[in-house]
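Colleague: Thanks for making time for this model. Could we go through a helix pair and the chain contact together?

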Amino acid sequence: MSTDTIRRTTGGFAARLTSVRQSRTGVLAGFAAAAVLLLVAAPALLPVFSLGLLGKFLCFAIVAVGIGLAWGRGGMLTLGQGVFFGLGAYIMAMHMKLADAALFGGSGVPDFMALYGTGTVPGWWEPFRSPVVTVLAVVLVPGVVALILGLAIFKRRVKGAYFAILSQALAAAFAVLLIGQQATTGGSNGLSGFRSFFGFDLADPANKRMLYLLTAVVLLAVVAAARQLMHSRFGELLVAVRDQEERVRFLGYDPATVKTVVYVLAAVMAGVAGALFVPLVGIISPADVGVTPSIAFLIGVAIGGRSTVLGPVLGALGVAIAQTSLASSFPSFWVYFQGLLFVLVIGFLPGGLASLPAVLGRLRRKRNDDGGAARASAPATSAAPVPPAVPRAHPIHAAASPLAAVPAAAKEHRP
Amino acid sequence: MELLIGQMFAGLSLGSVLLLAALGLSLTFGQMGVINMAHGEFIMAGAYTAFVVQQALGSAGVSLLLSLPAAFLVGGTMGLILEELLLKRMYHRPLDTLLVTFGVSLILQQMARDIFGAPSVDVRVPAWLQGNVELLGAPIPLTRLFILALALTCLAALALLLKATPLGRRIRAVVVNRDLAESSGISSRRTDQLTFFVGSGLAGIAGVAVTLIGSTSPYLGPNYIVDAFLVVVAGGIGQIKGAAIAAFALGVLQSVFEFSTTASIGKVLILAAIVIFLQVRPQGIFTLKTRSLA
């Protein structure tokens with residue numbers, strides 16, 4: 001429990017790092033540094049194309065923050081974040097299609113509808129002509145869908161694997177629905193070919209920079225909100241629900257409400273990320289929202305450390321960068337690599353890279369202990385029947401200290 | 001009348017494919033709590049086994065009958081390797097098995113692409129399965145009838161295995177109370193391995209069955225895995241009869257929904273139906289009665 005034991009387990013540097021991270025000024029300084037890096041340094045140093053790419057990665061990072069909350073902190077393995085991402089993205093894409101058609105098309109009907117459909121705009125598209133309705137819908141539609149689903153699932157105490165499978169089925173059904181309704185959703189081609197974003201020309205580099213900055217600001221805001229939430233009473237309650245749902249219920253809280261709130265938050269984050277993704281990348285299709293992309297969102301979160309604040313963000317960015325640099329040149333290798341990442345990280349390092357110092361420290365301690373035991377038992381083997389008194393002390397010492405000495409992050413493996 | 005029988009049979013046929021895909025899952029997910037996303041790829045491996053056996057033998061009829069046991073062995077062996085290498089250390093983290101096996105499924109898909117190529121291959125249907133029989137005026141394809149019979153045979157065999165053999169007794173004992181089973185002298189490690197072998201082997205058999213109604217591609221697994229899991233969830237964890245009822249119910253429902261709307265709306269309606277059904281019975285059709293809170 002003392003500073004000494006912490007230092008022994010994680011190494012002095014990591015311990016000092018932890019204490020810096022915990023302090024309020026440290027957090028603020030780190031946040032400010034990240035803000036400068038994202039908002040000043042990156043736009044100044046990167047060309048417009050790379051900036052757009054970085055913006056796309058930041059969108060994935062926003063989704064990852066939500067997954068970190070729901071999965072890492074709340075224990076809800078949500079395999080359907082692609083649905084909320086897709087809802088936000090398609091709402092934004094529909095607005096941009098309609099706005100483009102009104103600005104450039106003359107007829108007011110998006111081009112693909114004339115191609116596949118009746119040539120008229122269906123009624124459920126009409127509300128998204130209005131920019132205000134669109135912005136509201138980007139937040140509200142994923143939120144309300146998650147609310148209904150969350151209430152239906154969590155209030156009936158459907159949880160664990162059942163929830164994971166239902167959320168996965170949701171992603172599958174959503175993709176099938178999009179592909180099936182080609183005349184109104186663009187089918188498997190999706191929606192693309194946007195030219196303006198709320199009246200701004202998307203071909204203009206200045207507007208692209210603005211779009212990137214908007215995304216970066218949203219990411220910073222989302223990270224700050226997630227951090228505050230995790231350090232609030234509600235955040236504690238959320239972790240308690242993850243670890244001992246029944247006990248929380250007996251204490252008088254309703255776990256279903258806690259879970260639903262976080263599920264809705266994660267959905268809204270994914271929806272906003274999707275809405276930013278569309279103007280940045282210029283296309284949204286069922287391939288971005290189905291079962292596989294929904295699960296792929298999780299790997300970055302797992303690598304970074306699912307229950308930490310920054311782990312999901314950094315993990316998602318790392319995976320996205322690796323994918324972009326590897327997948328284009330070695331597509332087959334990338335798939336093997338991605339599969340291996342899932343196997344190795346989830347199977348052998350469930351706390352992600354954030355838990356690496358603690359895990360290494362534990363391994364080192366174990367090795368030291370084993371070494372000590374071997375040395376101590378060497379004389380004992382020569383006098384076989386005598387019960388070795390000295391090594392006896394080690395198991396007790398080893399059993400008592402991991403609980404006390406391993407920092408909180410390392411204990412949060414359990415989903 | 002013909003239309004009704006045709007639709008009913010389409011539903012039963014869909015249900016039998018679902019049942020074949022879900023039977024193995026009902027064992028591995030239901031009995032052991034492992035969420036094996038690679039089950040779909042074991043189905044794919046079974047399908048490619050049928051393809052390879054046919055390429056080697058030439059005769060469609062003999063190869064079909066031979067590939068059933070071969071695919072069972074291939075699927076079962078793959079499952080055994082997966083269990084031994086990865087899953088045995090993860091039984092206390094059931095949700096994480098989903099993601100690990102998803103990684104495995106990505107690797108297996110890419111391996112299939114590298115070995116057999118991305119385009120789909122076709123397995124020839126033997127002559128004695130081509131054509132239709134008339135049932136009250138409605139044409140019923142023989143292949144569909146064969147799959148229905150195969151699914152029912154597998155169901156009966158599995159039920160018999162669980163109810164009437166020493167292995168089945170051990171499996172049920174481990175499911176109900178692992179610690180008590182172990183202290184009664186049952187090796188839960190061996191039981192886990194055998195359960196996983198049988199469950200994955202059933203996926204291989206499902207793979208042979210689906211070659212009769214469609215072509216085989218590396219992307220075959222994802223088509224079946226989500227529906228198969230829904231069957232297990234709706235049927236109730238660890239309940240073979242629940243899986244059977246749920247498979248046929250979902251099959252019939254889906255063909256009714258698809259007939260009255262479109263294929264894509266039908267999928268969404270099925271999911272809605274399952275979510276509503278879980279409101280009434282959160283644990284599925286049949287539940288294992290325990291006193292635990294979870």
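Colleague: Which residues in helix 11 of chain A meet helix 13 of chain A?

Modeller: Happy to start there, and keep in mind that this is a predicted model. On the helix 13 side of chain A, the partners are Pro255(A), Val258(A), Lys259(A) and Val262(A). By class, this contact has 6 nonpolar, no polar and 1 charged residues. The residues that helix 11 of chain A brings are Leu237(A), Leu238(A) and Val241(A).

Colleague: How are helix 11 and helix 13 of chain A oriented to each other?

Modeller: Their axes come within 10 Å and cross at roughly 115 degrees. Helix 11 of chain A passes helix 13 of chain A in a left-handed crossing. Angles of 65 to 115 degrees count as roughly perpendicular, and therefore helix 11 and helix 13 of chain A are roughly perpendicular.

Colleague: Which helix of chain B gives the most to the side that touches chain A?

Modeller: In the contact between the chains, 33 residues of chain B meet 39 residues of chain A. Elements giving two or more residues to this side of chain B are helix 4 (94–116), helix 9 (220–235) and helix 11 (263–280) of chain B. The residues on this side divide into 24 nonpolar, 5 polar and 4 charged. With 13 residues, the one that gives the most is helix 4 of chain B.

Colleague: And what percentage of the residues of chain A count as buried?

Modeller: Chain A has 19 helices and 4 strands. Of its 415 residues, the buried part is 43%.

Note on methods:
Residues are numbered from 1 along each chain as its sequence is written. Chains are lettered from A and ligands numbered from 1 in the order in which they are written. This is a predicted model: local features need pLDDT of at least 70, side-chain atom pairs count only at pLDDT 80 or more; totals for chains, interfaces and linings use all residues. Two residues are in contact if their C-beta atoms, placed from the backbone, lie within 7 Å. Ala, Val, Leu, Ile, Met, Phe, Trp, Tyr, Cys and Pro count as nonpolar, Asp, Glu, Lys and Arg as charged, and the others, Gly among them, as polar. Axes are lines fitted to C-alpha atoms, for helices over the stretch in contact, and angles run from 0 to 180 degrees between N-to-C directions. Angles under 35 degrees count as roughly parallel, over 145 as roughly antiparallel, 65 to 115 as roughly perpendicular and the rest as oblique. A crossing is left-handed if the near helix is turned anticlockwise from the far one by less than a right angle, and right-handed if clockwise. A residue is buried if 20 or more other C-beta atoms lie within 10 Å of its own, exposed if 12 or fewer, and partly exposed in between; C-beta atoms are placed from the backbone.
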